[in-house]
Amino acid sequence: DDDVAFLCSQHAAEILVTIIQNSLLNSPVMISLSSDPALKRILDIASLSSSASLSNDMSREEQPEFVPHESKMTCAITVLESLVLQLGGYGAVGVEGGAVEKTDETLQTNLSEIGPHTPPPLASLPMHPSSPDFSQEATTADTSTLVSHLPALLQDLSALLTHPVTKTWHTPAQYTGGEPRLLLGTSRLRILRLVEALVLLGDASVDFDLQHSNILKHCIDLFWEFEWCSMLHQSVANFLVHVFEGGEGRSGLQEYFLENCQLMERLIDSFGGEDIVNAAGSDSNEKVEQDDDSDDDNSSKKSTDVDAIVPVSEEDVDSAMEQESGCMDGNESPQPLDSEPIR
């Protein structure tokens, strides 16, 4: 049953992620998971590679489909993301001194907490790096095997991001007049998270493969296509910050984003471009016109007040002075112009 297979994959992924996050890079489990055949198996499931299905005696018609929700593919991508982050030094423990040393008593206690499982014989377990019989060829997990598979992996994942079936993924959304909106999907979001982890590695070989792939351009396209997906925006913004803060060591990816993805042009266009400039210009023009109208109103008002003032002739001035002098001689109060004397 597909549901049972998915649940088994989900539980296995959770266990593997926990083991990876708490393992030293020089531990046997990390060396095993970061090399073939274990790594090749995880990569095939994560990329829906045809070799993964055909290796399980599946026909091409029975190969797993690319779906928007959680699946065996997303479980494998989660394990791969955790493995990449651990190889990049973002895990819970490092190479030396990061893990808590466990005695035989502690290991026995942990086994009793897990359940009455019989541990495998010691002869079947990988030897610890401290053992004198341990081979020194691979004493620390690294990205060499991952880099060898990376071009094919990026090609498969890039094709999935733009798969034709994604145009049929829709979801009802608010404020769209009842029309369904395109769905990013959990599967594509997991791919973006994996790409983010690869960028965080800061490995020159990984950067070279990313630079010669179009997967980062597809990530930028999705950034602007799904304007309401905050988790998508967080992943893209995170790897952009790491690239542009990486200095000259990451100049290749910096040029890729600026030239191939036209990042600066897209950022400027996000502010509205010429529409905002024209709107701002029209607002300023309207303000200037309003100021001109107010100045005209003030000028006309001033001219009206000036016209209302009655001019005074020299005869009026002489008459007023004679009347004032007469009042001073007869102790009479002065009378206003053009008025009859008080009787």
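**Overview.** I started with burial: 30% of the 343 residues in the protein chain are buried (buried is under 20% relative accessible area, exposed over 50%, partly exposed in between, with a 1.4 Å probe and protein chains only). This is a predicted model, where local features need pLDDT of at least 70 and side-chain atom pairs count only at pLDDT 80 or more, while totals for chains, interfaces and linings use all residues. Residues are numbered from 1 along each chain as its sequence is written, and side-chain values use heavy atoms, with hydrogens and water left out.

I then looked up the secondary structure and found 15 helices and two strands in the protein chain (DSSP runs numbered from the N terminus: helices are H or I with at least four residues, strands are E with at least two). Of the contacts with a separation of 6 or more, 69% are between residues 24 or more positions apart (contact means heavy atoms within 4.5 Å).

**H8 and H11.** The axes of helix H8 (residues 186-201) and H11 come within 9 Å and cross at roughly 15° (axes are lines fitted to C-alpha atoms, for helices over the stretch in contact, and angles run from 0 to 180 degrees between N-to-C directions). So H8 is roughly parallel to H11 (under 35 degrees; over 145 is roughly antiparallel, 65 to 115 roughly perpendicular, the rest oblique). Among the residues in this contact are Leu189, Leu192 and Arg193 of H8, and Ser235, Phe239 and His242 of H11. By class, I get eight nonpolar, three polar and two charged residues for H8 with H11 (Ala, Val, Leu, Ile, Met, Phe, Trp, Tyr, Cys and Pro count as nonpolar, Asp, Glu, Lys and Arg as charged, and the others, Gly among them, as polar).

**H9 and H12.** Next I checked helix H9 (residues 204-211) against H12: they pack at about 20°, with axes 9 Å apart. H9 and H12 are therefore roughly parallel too. Asp207, Leu210 and Gln211 of H9 meet Gly252, Leu253 and Tyr256 of H12.

Which residues of H12 are buried? I listed Gly252, Leu253, Gln254, Tyr256 and Phe257. Their cover includes H9, helix H10 (215-225), H11 and helix H13 (263-269). After H12 comes Gln262, whose phi is positive, near 50°.

**Aromatic rings.** My search of the whole structure gave five aromatic pairs (rings of Phe, Tyr and Trp, using the six-membered ring of Trp, pair if their centres lie within 6.5 Å; planes under 30 degrees apart are stacked, over 60 edge-to-face, the rest tilted). Phe223 and Trp224 are an edge-to-face pair, 4.9 Å centre to centre with 65° between the planes. Phe223 is partly exposed at 22% relative accessibility, and Trp224 is partly exposed at 28%.

Phe239 and Phe257 are stacked, with centres 5.9 Å apart and 20° between the planes. This pair links distant parts of the chain: Phe239 is in helix H11 (residues 230-244) and Phe257 in helix H12 (residues 251-260), 18 residues apart. Buried or exposed? Phe239 is buried at 0%, and Phe257 is buried at 0%. I also noted that Phe239, Phe244, Tyr256 and Phe257 form one aromatic cluster.

**Last look.** His218 is in helix H10 and is buried, at 17% relative accessible area. Leaving out residues up to four places away in sequence, His218 touches Ser158, Leu161 and Thr162.
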